[in-house]
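Q: Could you walk me through how to read the sheets, cores and contacts of a model like this one?

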Amino acid sequence: MAKIILTADLYDNVLTEEPGDYTAKPAITGTYHNTDIAADIVAERTEYRKETIENILTLADQKKVEAIAGGKSLVDGVGQWLLNLAGTFEGESPRFDPEKHRVGVTFTPGKALLEAMKDITFNLNMATTGPVINQVTDVRTQSVNGQITPGKNVIISGANILLKGDDPSVGIYFTKDEADAQPVKVEFYSRSTNTEQIAEVPESLTDGQYYLSVTTQIGSGYQLVKEPRTYRFPILLTVGEPADDGGDEGGTDSPGNI
């Protein structure tokens, strides 16, 4: 495989006080759905119809979801998937409590993906000082980077996410992962700092998957910049039941878990 050259942005490491100590975030190059996979296969192998391929991929996704949810260890061409359970349990005969315990999915890269990752190299650039979202937690379900609940709060953790500036675009938005979808602006907040936002998910959001974005004019040292800057969280958040072609539900953004 040819070398894959990606871009990563450097940010100040908030966990240390060492000058010149940075963390890096790979720049996400897009979102890849079953429709895109089908189109690429058709482009390479024209004897297959796009609709047929997309239907097979969707059916395969459904069977994979059923297998994982049924407690099976799923191994496909990307890696291995299996359930995990977070939370503490008291005594020798505890009961599962969805208010205290959370079901997640552990992912381990397979051989093909591990080999592909060996061919990745990065161009590292200093990030433009602006907002960065690291994690989104649903207060009601405690789902991290997964389910969100309309009418309930989410905790948005990051850096430079204080909402400041006179530009009308400043705010927090949810945008459905559909063509021509219009962003829905958050109206209600209970906390707004440079590293954390507690905001109410708009009740108008219908079932589906959404991108969360923050637009602000805050810069380094709490100084306002002239042009608003926007950061879009690359992990899709789900309202209602997960879509067949969905993103990551109930997991974390830590390595090895989704």
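The dialogue below takes up the sheets, then the cores, then a few single residues.

Q: What kind of model is this, and which residues count?
A: The model is predicted, and local features need pLDDT of at least 70, side-chain atom pairs count only at pLDDT 80 or more, while totals for chains, interfaces and linings use all residues. Residues are numbered from 1 along each chain as its sequence is written, and side-chain values use heavy atoms, with hydrogens and water left out.

Q: Which order do the strands S2, S1 and S6 take in their sheet?
A: Strands (E, at least two residues) and helices (H or I, at least four) are DSSP runs numbered from the N terminus, and two strands pair if DSSP finds at least two bridges between them. Here the order is S2-S1-S6, in an open sheet of 3 strands with mixed pairing. Strand S2 (22–26) and strand S6 (120–126) are at the edges with a single partner strand each, so one side of each has no neighbour in the sheet. From one strand to the next the twist averages 40 degrees, where axes are lines fitted to C-alpha atoms (for helices over the stretch in contact) and angles run from 0 to 180 degrees between N-to-C directions.

Q: In which sense does S1 pair with S2, and in which with S6?
A: Strand S1 (residues 4–12) runs antiparallel to S2, with 5 bridges between them, whereas S1 and S6 pair in the parallel sense over 7 bridges. On the S2 side, alanine 8 has proline 26 as its bridge partner, and tyrosine 11 stands opposite threonine 23; on the S6 side, aspartate 9 stands opposite asparagine 125. As a general idea, side chains in a regular strand alternate between the two faces of the sheet.

Q: What packs on the sheet formed by S3, S4 and S5?
A: This open sheet of 3 strands has the order S3-S4-S5 with antiparallel pairing, and its edge strands, strand S3 (74–75) and strand S5 (102–109), each pair on one side only. S3 is joined to strand S4 (residues 79–86) by 2 bridges, and valine 75 has glutamine 80 in S4 as its bridge partner. Helix H2 (residues 50–69) packs on the sheet and touches S3, S4 and S5, its direction making about 40 degrees with that of S4; contact means heavy atoms within 4.5 Å.

Q: How many residues does the largest nonpolar core have, and which have the most contacts inside it?
A: A nonpolar core is a set of buried Ala, Val, Leu, Ile, Met, Phe, Trp, Tyr and Cys residues joined through side-chain atoms within 4.5 Å, and buried means under 20% relative accessible area, exposed over 50% and partly exposed in between (1.4 Å probe, protein chains only). The largest has 25 residues, and Ile133, Ile148, Ile172, Phe174 and Leu212 have the most contacts inside it. At least two residues of this core come from each of S7, S8, strand S9 (171–176), S13 and strand S15 (237–239). Beyond its neighbours within four places in sequence, isoleucine 172 contacts several residues, including Ile156, Leu163, Val186, Tyr189 and Leu212. A second, separate core of 5 residues includes Leu74, Trp81, Val105 and Phe107.

Q: Which residues form the aromatic pair, and what parts does the pair tie together?
A: Rings of Phe, Tyr and Trp (its six-membered ring) pair if their centres lie within 6.5 Å, with planes under 30 degrees apart counted as stacked, over 60 as edge-to-face and the rest as tilted. That rule gives a count of 1 aromatic pair. Tryptophan 81 and phenylalanine 107 form this tilted pair, at 4.5 Å centre to centre and 50 degrees between the planes. Tryptophan 81 lies in strand S4 and phenylalanine 107 in strand S5, so the pair ties together parts 26 residues apart in sequence. Phenylalanine 107 counts as buried, at 13% relative accessibility.

Q: Is threonine 216 buried or exposed, and what lies 3.2 Å from its side chain?
A: Threonine 216, in strand S13 (residues 208–218), is buried at 0% relative accessibility. A polar atom of the threonine 216 side chain lies 3.2 Å from the backbone nitrogen of lysine 164.

Q: Which backbone oxygen does the side chain of lysine 176 reach?
A: The side chain of lysine 176 reaches the backbone oxygen of aspartate 207 at 2.9 Å. Lysine 176 lies in strand S9 and counts as buried at 18% relative accessibility.

Terms used: Polar contact = N/O pair within 3.5 Å; in protein donor to acceptor, adjacent residues only side chain to side chain.
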